[in-house]
Amino acid sequence: MANHNSRHTIILLQNSPNRSTRTFMDYDSIGQAMDGICGLYERKLKEINPSLRNLSYDIADLYNFIDGLADMSALVYEHSMSAYLPYDRQWIKQKAFHHLKRLANGGR
């Protein structure tokens with residue numbers, strides 16, 4: 001039986017209304033996908049503020065970033081069904097929140 005946490009996750013995103021900005025990123029787990037989304041946001045912050053040495057942001061900033069994308073959704077592999085299940089932006093925000101909370105508490 002595969003580890004429940006190691007569910008392959010594909011993040012589909014579109015940066016702007018232009019369909020050519022559609023892209024995807026895939027990860028071995030939901031947690032890695034949330035790290036990837038945070039990383040995307042952090043890279044964007046660095047582009048906007050290249051002189052900042054230490055980046056800090058709160059969950060509301062991350063939510064605004066996610067909401068500011070033209071589209072974002074997730075496909076998560078469900079072993080019991082041998083299929084990918086779709087999840088919306090709200091689900092991603094909830095997972096990102098729990099992921100960051102775990103990291104802040106020093107746990108994995």
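Modeller: Here, contact means heavy atoms within 4.5 Å. Keep in mind that this is a predicted model.

Biologist: Good. What is Lys-93 in contact with, leaving aside neighbours within four places in sequence?
Modeller: Tyr-63, Ile-66 and Asp-67.

Biologist: Where is the place of Lys-93?
Modeller: Lys-93 sits in helix α3.

Biologist: Is Lys-93 buried or exposed?
Modeller: Lys-93 is buried. The cut-off for buried is under 20% relative accessible area, and Lys-93 has a value of 8%.

Biologist: Which other residues of α3 are buried?
Modeller: Besides Lys-93, the buried residues are Arg-89, Trp-91, Ile-92, Ala-96 and His-99.

Biologist: How far is Lys-93 from Gln-32 in space?
Modeller: The C-alpha atoms of Lys-93 and Gln-32 are 14 Å apart. In sequence the two are 61 residues apart.

Biologist: What span should α3 have, and what does the model give?
Modeller: Helix α3 covers residues 89-104, which is 16 residues. At 1.5 Å a residue, α3 should span 22 Å. The end C-alpha atoms of α3 are 22 Å apart, so the two agree.

Biologist: Now α1. What about the span of α1?
Modeller: Agreement again: the 19 residues of α1 should span 27 Å, and its end C-alpha atoms are 27 Å apart.

Biologist: Which residues of α1 are buried?
Modeller: The list is Ile-30, Ala-33, Met-34, Gly-36, Ile-37, Cys-38, Gly-39, Tyr-41 and Leu-45.

Biologist: Remind me why spacing counts in a helix.
Modeller: An α-helix has 3.6 residues a turn, so residues three or four places apart point the same way.

Biologist: And what do the buried residues of α1 pack against?
Modeller: They pack against β1 (9-14), β2 (22-27), α2, β3 and α3.

Biologist: Let's go to β2. What does Met-25 touch, not counting residues up to four places away in sequence?
Modeller: Met-25 is in strand β2. Met-25 touches Thr-9, Ile-10, Ile-11, Leu-13 and Leu-40.

Biologist: Is Met-25 buried or exposed?
Modeller: Met-25 is buried, at 16% relative accessible area.

Biologist: And Tyr-27, where is that found?
Modeller: Tyr-27 is found in β2. At 17% relative accessibility, Tyr-27 counts as buried.

Biologist: What does Tyr-27 touch, setting aside residues up to four places away in sequence?
Modeller: Arg-7, His-8, Thr-9, Ile-11, Gln-32, Ala-33 and Gly-36. Of these, Ala-33 and Gly-36 are among the buried residues of α1.

Biologist: How far is Tyr-27 from Leu-13 in space?
Modeller: 14 Å, C-alpha to C-alpha, and they are 14 residues apart in sequence.

Biologist: Change of topic. What is phi of Ser-82?
Modeller: Phi of Ser-82 is near 50 degrees, a positive value in a residue other than glycine. Ser-82 lies in the loop between β3 and β4.

Biologist: Is Ser-82 buried or exposed?
Modeller: Exposed, with a relative accessible area of 54%.

Biologist: Zoom out. In what order do the elements of the chain run?
Modeller: From the N terminus, β-β-α-α-β-β-α. The radius of gyration is 15 Å, close to the 13 Å that the globule rule gives for 108 residues, so the chain is as compact as a globular protein of that length.

Biologist: What does the C-alpha trace span along its principal axes?
Modeller: About 45 × 40 × 20 Å.

Biologist: How much of the chain is buried?
Modeller: Buried residues make up 30% of the 108 residues.

Biologist: Last one: how far apart are the mean positions of the charges?
Modeller: The mean positions of the 13 positive and 11 negative charges are 1 Å apart.

Definitions and conventions
Residues are numbered from 1 along each chain as its sequence is written. This is a predicted model: local features need pLDDT of at least 70, side-chain atom pairs count only at pLDDT 80 or more; totals for chains, interfaces and linings use all residues. Side-chain values use heavy atoms; hydrogens and water are left out. Helices (H or I, at least four residues) and strands (E, at least two) are DSSP runs, numbered from the N terminus. The radius of gyration is taken over C-alpha atoms; the globule rule is 2.2 Å times the number of residues to the power 0.38. Buried means under 20% relative accessible area, exposed over 50%, partly exposed in between (1.4 Å probe, protein chains only). Lys and Arg count as positive and Asp and Glu as negative; His and the chain ends are not counted. The place of a charge is taken as NZ of Lys, CZ of Arg, CG of Asp or CD of Glu. The expected span of a helix is 1.5 Å times one less than its number of residues.
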